[in-house]
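Grab a pencil and open the viewer.

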Amino acid sequence: MSGKTAKLTLPDGTEHTLPVVIGSEAEPALDIRALRQNTGYVTLDSGYMNTGATTSAITYLDGEKGILRYRGYNIEDLAEKSTFVETSYLLINGKLPTKAELEDFSVKLTRHSMIHEGMRHFFEGFPPGSHPMAGLSAMVTSLSAYYPDCLDRTAPMDLHLTRILSKVRTIAAFSYKKTIGQPIMYPRNALSYCANFLHMMFAVPAEPYEPDPIIVKALNQLLILHADHEQNCSTSTVRMVGSSDANVYAAVAAGILALWGPLHGGANQAVIEMLEIIKDPNGPYQGDYKKFIAEVKDKKSNQRLMGFGHRVYKNYDPRAKILKKMTDEVLNHLGIKDPMLDMAKGLEEVALSDDYFISKKLYPNVDFYSGILYRAIGIPTPMFTVMFALGRIPGWLAHWKEMVDDPTTKIGRPRQIYTGETQRAYVPIESR
Ligand code: ACO
């Protein structure tokens with residue numbers, strides 16, 4: 001609490017005092033927690049555009065200035081100097097690990113990378129061609145059946161968090177192998193987190209596989225950039241589900257499902273699909289991206305420039321800036337010339353000089369370039385959102401932990417303003 005207050009005058013002239021809360025980066029908020037009790041009023045805020053659902057010490061972002069920090073550290077520094085494992089430790093534990101702590105955390109992640117052999121049958125049961133996000137969410141929920149002590153909320157939870165972070169990577173790679181009909185590759189304990197994932201995705205038993213260090217570095221950066229983004233749709237879902245005391249596997253599985261939508265984590269797949277439609281020589285645009293932009297600006301078309309715009313960034317998304325540079329570097333390293341990248345850059349240039357996008361403050365978001373980078377690494381399009389989920393796991397776990405450790409947490413239960421019929425008499429069916 002800041003000690004400051006704001007006054008609210010209601011239609012009947014009564015005045016109410018609302019405490020003012022100031023965050024550590026000076027963001028002001030009105031504390032309305034006692035509003036309904038004191039006045040009978042609730043607030044209406046569809047899409048939660050103005051609602052702080054919680055206080056949180058994990059991630060700070062300033063969408064106007066394009067700032068993103070995890071636990072106070074700039075995303076640019078973490079992407080350049082940290083690893084995904086270290087950043088995960090930072091998010092979950094609130095501080096950078098010492099050498100010994102990092103070693104211990106890495107060993108635990110390595111030791112918990114296998115999944116129960118019984119779970120392999122689940123992969124057989126999924127229909128070929130089904131979306132991997134369906135499988136991923138189902139498998140993460142299923143993990144709770146193999147570790148039933150997660151239901152005891154008085155027991156220590158750290159091991160469950162480690163298991164989720166480690167096993168999601170194995171589940172993602174196994175489901176990919178199943179879709180292409182290749183044998184499952186078990187994790188190799190000598191490899192780092194990201195190298196092990198690449199091994200499980202791309203190695204085959206018939207020949208040796210050594211992950212490319214440049215790709216390992218790129219994957220670390222990609223996952224770091226996705227690791228947290230404060231109270232977004234999926235993280236809020238994790239908190240909402242977790243607030244009912246549902247187990248951590250259930251809460252994370254719910255986050256995975258929320259992420260699936262094309263307006264959220266599904267946008268990386270939608271960007272590539274959009275670029276493919278624009279490029280298609282037999283399609284409506286035949287490579288003419290200016291025609292596509294003209295259509296996006298026409299409200300009647302219902303067309304959006306996927307990978308552009310963000311609920312909170314009204315400036316260039318700092319993650320998109322890092323990704324654009326990294327995409328260039330990786331494509332150069334691999335000697336790939338991807339016409340999709342040229343088209344994406346062309347689209348960006350046209351959009352950023354167009355009044356429609358300027359006036360609405362629409363800039364590329366994290367998903368605009370990530371799909372092109374995933375393609376270059378060899379990750380197939382339907383797996384893009386799974387990659388986003390892999391990256392977001394530490395953020396979800398950090399928020400889940402922060403929520404359950406907070407003694408003031410209450411079950412999430414918003415109010416509504418009812419706009420339906422008032423009371424009316426039941427009409428027997430023969431009289432309707
Ligand atoms: N292309 C064209 N117009 C857009 C776009 C876009 N990508 N995004 C927003 N607009 C326009 C809207 O039509 C609206 O115009 P209006 O004021 O004339 O009605 C205005 O900009 C504001 O858009 P809203 O949808 O109200 O903004 P909101 O904050 O609710 O939505 C969202 C943000 C969902 C990300 C939106 O920008 C969008 O749909 N973008 C494309 C999908 C995408 O890339 N999603 C990934 C987001 S990043 C992430 O989740 C990791």
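Of the 18 residues around the ligand, which come nearest? A267, R304, L305, G309 and R311 come nearest. Here a residue is near a molecule or strand if its C-beta atom, placed from the backbone, lies within 6 Å of it.

Before going further, some housekeeping. This is a predicted model, where local features need pLDDT of at least 70 and side-chain atom pairs count only at pLDDT 80 or more, while totals for chains, interfaces and linings use all residues. Residues are numbered from 1 along each chain as its sequence is written.

**Exercise 1. Sort the ligand shell by residue class.**

Step 1: Ala, Val, Leu, Ile, Met, Phe, Trp, Tyr, Cys and Pro count as nonpolar, Asp, Glu, Lys and Arg as charged, and the others, Gly among them, as polar.

Step 2: count. The shell around the ligand has 8 nonpolar, 6 polar and 4 charged residues.

**Exercise 2. Describe how helix 9 packs on helix 14.**

Step 1: recall what to look for. Two packed helices are described by the angle between their axes and the distance between the axes. Axes are lines fitted to C-alpha atoms, for helices over the stretch in contact, and angles run from 0 to 180 degrees between N-to-C directions. Helices (H or I, at least four residues) and strands (E, at least two) are DSSP runs, numbered from the N terminus.

Step 2: get the geometry. Helix 9 (residues 213-226) packs with helix 14 (residues 318-334) at an angle of about 165 degrees, and their axes are 11 Å apart. So helix 9 is roughly antiparallel to helix 14. The cut-offs: under 35 degrees is roughly parallel, over 145 roughly antiparallel, 65 to 115 roughly perpendicular, and the rest oblique.

Step 3: find the hand. Helix 9 passes helix 14 in a left-handed crossing. A crossing is left-handed if the near helix is turned anticlockwise from the far one by less than a right angle, and right-handed if clockwise.

Step 4: list the contacts. On the helix 9 side you'll find I214, A218, Q221 and L225, and these meet R319, I322, L323, M326, V330 and H333 of helix 14. Two residues are in contact if their C-beta atoms, placed from the backbone, lie within 7 Å. By class, this contact of helix 9 with helix 14 has 7 nonpolar, 2 polar and 1 charged residues.

**Exercise 3. Now try helix 11 and helix 18.**

Step 1: the angle between helix 11 (residues 248-259) and helix 18 (residues 384-405) is about 135 degrees, with the axes 10 Å apart. That makes helix 11 oblique to helix 18, and the crossing of the two is right-handed.

Step 2: helix 11 brings V248, A251, V252, G255, I256 and L259 to the contact, while helix 18 brings T385, F388, A389, R392, I393, W396 and W400. By class there are 10 nonpolar, 2 polar and 1 charged residues in the contact of helix 11 with helix 18.

**Exercise 4. Is S370 buried or exposed?**

Step 1: locate S370 in helix 17 (residues 367-377).

Step 2: count neighbours. S370 counts as buried because 28 C-beta neighbours lie inside 10 Å. The rule: buried if 20 or more other C-beta atoms lie within 10 Å of a residue's own, exposed if 12 or fewer, partly exposed in between, with C-beta atoms placed from the backbone.

Step 3: leaving aside neighbours within four places in sequence, S370 is in contact with L222, N268 and L323.

**Exercise 5. Where do E230 and Q286 lie?**

Step 1: E230 lies in the loop between helix 9 and helix 10 (233-242). Its phi is near 40 degrees, a positive value in a residue other than glycine. With 17 C-beta neighbours inside 10 Å, E230 counts as partly exposed.

Step 2: Q286 lies in the loop between helix 12 (267-279) and helix 13 (289-297). Phi of Q286 is near 50 degrees, a positive value in a residue other than glycine. Q286 counts as exposed, with 11 C-beta neighbours inside 10 Å.
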